[in-house]
Amino acid sequence: MSTYRFEALLAPRRIAVVGAGDRPGSVGRAIIDGLRAGGFTGHIVPVHPREASVDGLPCSARLADIPQPPDLVMIATPPEAVPAVVEEAGQVGAAAAVILSAHLGHGAAAPVGAAQAAARRHGLRLIGPDSIGLSVPAGGLNASLLARPPNPGDLALVSQSGTVASAIAEWAWRHGVGFSAVMTLGRSADIDVADCLDHFAEDSRTRAIVLSLHHVADARKFLTAARAAARAKPVVVLRIGRHEAPGHRPETHTGALARPGAVYEAAFRRAGLLTVDGLDAMFSAVETLGRQRPFPGNRLMIVSNGRGIGALAADRLADFGGTLATLGEAGAKSIEPVQHGSQTNPLDLGIDAVPQDYARALEPLLGGRDSDALLSVHVPTARAGSREVARSVADAVTMARASGRRKPVFAVSIGEDEAIRRIYAEAKIPLFATDADAVEGFLHLVRYREAQSDLMRTPDALPRDFSPDVAAARRVVDRALEEGRSWLDPYAVTELLAAYRIESLPVSLAPDPDGAAAAAWPLIAGGGTVALKLVSPDVVHKSEVGGVRLGLTSEADVREAAHSMIARVRALRPEARVAGFAVQPMLRRPQGRELIAGLAEDPVFGPVVVFGRGGTAVEVIDDRALALPPLDLALASELIGRTRVARRLAAYRDVPAADLSAIALVLVKLSQLAADLPAVRELDINPLLADAEGVVALDARVRVAPETGSQTRRRGNWHPRFAIRPYPSDWERRLVAGERHIHVRPVRPDDEGMFRTFFAQVDPEDVRLRFFAPVRDFSHVFLARLTQLDYSRAIAFVAIEEAAEEDQRMLGAVRLHADANHESGEFAILVRSDIKGTGLGIALMRMMLDWAKAEGIARVEGSVLTENRAMRAVCRHLGFEERPVPDDPSLVQATLKVGE
């Protein structure tokens, strides 16, 4: 339901408090006290069967007795009474309810399930159970159990935990930081974090969003909402329970490396969220976001009244991977009058610095181009008190902003007090107690801008000859499932990898020691050595039972090693079945680096791609990074770069660099394998040997399991457990327009260059009609928003002439973006000027409408310039209805009900 009825939830005119007694300290009475303290000007109606009034307010016995239905119902009753209250609230026409009660159980038969069912019947939105309410300070709404009404501001706080929300709100109140809204969701029987993200992403009064969450129930819904919100404004998330143990015992190395906390971190990163790991870091984020907007650049200039304290700040910046600004000749000369010593950054004003010295230092730096932000650090001395320095810094910054110099400034004042906080708060300068907090706050905004750049980065195109044999791979998996096997045998593993063109060593299977010796003989006779590996469906990690022997040089060695493996397995794992042995040639690549690459299955986010340093000690070393599929080459390269082993992949001494592009391509292939084969639950390539010649899989394990009835496929080729919808390749089509043979397919991120060429060929007047204004700069950011799509909410189809020259191939594109409720979608279309009249525009529109129908979108609409007669004619031809836009006579709104 997403944002349905949020208006009534956050701006109610009438509030009923069910369970409100006259006893001070009761939950219901505390809600009434909070509403009054927050300045609520609407109607408050206590509901209690045995009370005539509550704190002077007339009391109703039932919701049905209230003359006008309430917009919002606050429920503070015993758990067993909650479903009946929700049912009555729905019957009287209430829009939303907040369940403050706890202990409502789990499942459909428990009170929480009955309350959910009642709410659905009536379209009633629910917050809770276990909520402590919500607050909208600017609207005078404080229907919460917070210690005091929050200050109004432009941060939205959304928390599953009431106590964490209370801690953040209390800290913010003491530091003068305000909120556009505070929502505590509890166990989220209905309204969840994703719904709130959808609302606040579009809320003009909210500049940034702060999240505290413990778990995600619907990964697809959460990530779709989070990605949309993060593109619109900063979103900071604090996850509670990061180190909780997984609910199952992993069977592969990749499964062991994909711990729940690491998977959540990968999901947040993919969505573009900023993560913090504790309340202190969250406080730094709130202080920063509450006073400073994101800014371009990452170079920090530090000004302090002592070399030591400045050096500490610079050290912390380096620890966190930040960038210290370097002053040019002009910048260095501008600070000479106040500079102590020769160092320019950190700038030491000296222990005897007075308040005016800070102003004299900041004035040229605020206008200089050598830095992107400033950090003012002050330690009180006998010559300069903190309040005087705070006033001097605030005045200098205020004067600079008045003259158009709006460089961000962060402040540290050791021994801060209320007066100092007030001075900096009035000047909108983030204030921190320590240099570490200030640097962390600065980097929050730097990381946000970097995350936005990463989200819009154009990936390299995949090699044109990469076309996996999906049918062959599916036969391998289906054969194992039909035989009732959970693990592919070594030969089936090589077949599966070969289908995706992942190089691996050839393997021969043998049933017994003699067969293993015979299989090894041709390799040994050719001058090679062999590796012998145990094959057992019950032994996942062969090295734990001595199931791997390397460098064997004779048949006798192979036979003896096989007998030794059998004896060791019987001693250590007597229940384990020995199916035989795998014989492989030894590979001589002395400069190869051992890596691990594979797939793991997370119960929340589905398949996860794992990469890191390989070998038998992989779990001990724990050098790994995770990413959610689907991956492109840019995401795969970023995944590699987040590991420590990435440094070993570069060239050093006489060892050439490993082929990074080949490693990245393997990760993309594994991502595609996960999309194509939902039955593959875990895949473990360890080691994956990488050097300058490329990569080769030396050993691999693959676990398979059939899809259950609850894991039926989504629309199109959407993997039933993928959290992020992959490229919808099943929507590729062939069209004929006149003599042109046209390939129509969904837009991909690597289409940016093609779009840039296309716009250069379109008549500027047609561009104006499409975008309602002239467009002269087709920048990377502009084009990225057209080509980088979340296919869960948006689609764009591009028409490409197959026989045309490279720079003449793109003929047009159509786009549809669904709203958060997936009920309506807004379309836009543009075809090349010389293609008009061929019928391509109508064909693209019909394809877009087919997509909308398949997605369950009920209504498609779009704004069209009144003067754009050609587009209006296309819409009328397709059955769209036109109506004028009341506040803009230059536009008409074209609407089509898709289901009709």
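Trainee: Which residues gather in a patch of positive charge on the surface?

Mentor: A patch is built from residues with over 30% relative accessible area and no salt bridge, like charges being joined within 9 Å and nonpolar side chains (Val, Leu, Ile, Met, Phe, Trp, Tyr) within 5 Å. Lys and Arg count as positive, Asp and Glu as negative, with His and the chain ends not counted, and each charge is placed at NZ of Lys, CZ of Arg, CG of Asp or CD of Glu. Here R613, R644, R647 and R648 form the positive patch on the surface. The model is a predicted one, in which local features need pLDDT of at least 70 and side-chain atom pairs pLDDT 80 or more, while totals for chains, interfaces and linings use all residues. Residues are numbered from 1 along each chain as its sequence is written, and side-chain values use heavy atoms, without hydrogens or water.

Trainee: Where does R613 lie, and how is its accessibility classed?

Mentor: R613 belongs to strand 26, residues 606-613; helices (H or I, at least four residues) and strands (E, at least two) are DSSP runs numbered from the N terminus. With 33% relative accessibility, R613 counts as partly exposed; buried means under 20%, exposed over 50%, and partly exposed in between. These areas come from the Shrake-Rupley method with a 1.4 Å probe, only the protein chains shown counting as cover.

Trainee: What is the overall picture of the protein?

Mentor: The protein has 29 helices and 38 strands, and its C-alpha trace spans about 95 × 80 × 70 Å along the principal axes. Of its 900 residues, 56% count as buried.

Trainee: How many salt bridges does the structure hold?

Mentor: A salt bridge is a side-chain nitrogen of Lys or Arg within 4 Å of a carboxyl oxygen of Asp or Glu. The structure holds 51 salt bridges. In one of them, D190 meets R125 at 2.8 Å, N to O. D190 is in the loop between strand 11 (179-184) and helix 6 (193-202), and R125 is in strand 7 (residues 125-127), so the pair ties together parts 65 residues apart in sequence. D190 is buried at 18%, and R125 is buried at 1%.

Trainee: Where do the salt-bridge partners E495 and R479 lie?

Mentor: The side chains of E495 and R479 meet at 3.0 Å, N to O. This pair links distant parts of the chain, with E495 in helix 18 (residues 490-499) and R479 in helix 17 (residues 470-482), 16 residues apart. E495 is partly exposed at 29%, as is R479 at 34%. Salt bridges that share partners also join R125, D190, D192, D195 and K221 into one network.

Trainee: Which peptide bonds are cis, and which residues have a positive phi?

Mentor: Most residues other than glycine have a negative phi, and most peptide bonds are trans. Among the cis bonds is the one from G128 to P129, with omega near 0 degrees; P129 is in the loop between strand 7 and strand 8 (133-136). Another joins N345 and P346, with omega about 5 degrees. As for phi, D130 has a positive value of about 65 degrees and is found in the loop between strand 7 and strand 8. D55 has a positive phi near 50 degrees and lies in the loop between strand 3 (53-54) and strand 4 (57-58).

Technical notes:
Buried means under 20% relative accessible area, exposed over 50%, partly exposed in between (1.4 Å probe, protein chains only).
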